[in-house]
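Q: I have a structure open and I'd like to learn how to read it. Can we go through some features together?

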Amino acid sequence: MSDLASAEPLPPSQWDPSLAHVLEDMKGKPLNVHSLMANHPELLKAWWSFRNYSVQGGALGQRLGELVILRVALHMRAWYEWASHLQRAQACGLTLEEIERVKLGGDAPGWDPGEAALLKAVDELVATRGLSPESHAALLAHYSVRQIMDIMAIQGMYIILGCMINTWGLPLDQAAHDALPQGVTEEQFKADYPR
């Protein structure tokens, strides 16, 4: 096992055999974030089911789940997270205009009331580590208790990833880089969201 103080993404040939199911799920081509976590096989094994649940949006569905993930990526100043989810967000129905609007938060015009409440809740969870009674009530007008729990869980999972990404300076996967919309660059993201 490598020293996590200088962790880098591990090539699949160096992964612990206990992670074969992860490689199988990723068709032998894990993302850099998975290869980074492969330095800690027990953590990656424990995290994998949570990852698969969260990336599908849980009870929220993919569109709302991606809104949570994108907003957390901004809070974390995590280019890897933001860029990796642009294509996923578009694939589940978010337009480039909506994705750009995520940067403005829940008060931006154009969100429906449920989406606005969700984005504001993510901001509050990151800032205060919980929801005020007012925010909780606003969410309950649009979401079930399970969905609210998933908002919390997905934002928490992507905070964990953001910490790892930012600590080890994880490079963006080539496929995600190649799929970036024209004009979307790491340099601009970092200028807009400095750490």
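A: The axes of helix α3 (residues 41-55) and helix α9 (residues 145-168) come within 10 Å and cross at roughly 130°. Axes are lines fitted to C-alpha atoms over the stretch in contact, with angles from 0 to 180 degrees between N-to-C directions. This is a predicted model: local features need pLDDT of at least 70, side-chain atom pairs count only at pLDDT 80 or more, and totals for chains, interfaces and linings use all residues. Residues are numbered from 1 along each chain as its sequence is written, and side-chain values use heavy atoms, leaving out hydrogens and water.

Q: What do we call the way α3 and α9 lie to each other?

A: Under 35 degrees is roughly parallel, over 145 roughly antiparallel, 65 to 115 roughly perpendicular and the rest oblique. α3 and α9 are therefore oblique to each other.

Q: Which residues of α3 and α9 meet?

A: Contact means heavy atoms within 4.5 Å. Among those meeting are Leu 43, Trp 47 and Phe 50 in α3, and Ala 153, Ile 154 and Met 157 in α9.

Q: Is Ala 89 buried or exposed?

A: Buried means under 20% relative accessible area, exposed over 50%, partly exposed in between (1.4 Å probe, protein chains only). Ala 89 sits in helix α5 (residues 79-91), and at 0% relative accessibility Ala 89 counts as buried. Leaving aside residues up to four places away in sequence, Ala 89 touches Glu 66, Leu 70, Leu 94 and Ile 99.

Terms used. Helices (H or I, at least four residues) and strands (E, at least two) are DSSP runs, numbered from the N terminus.
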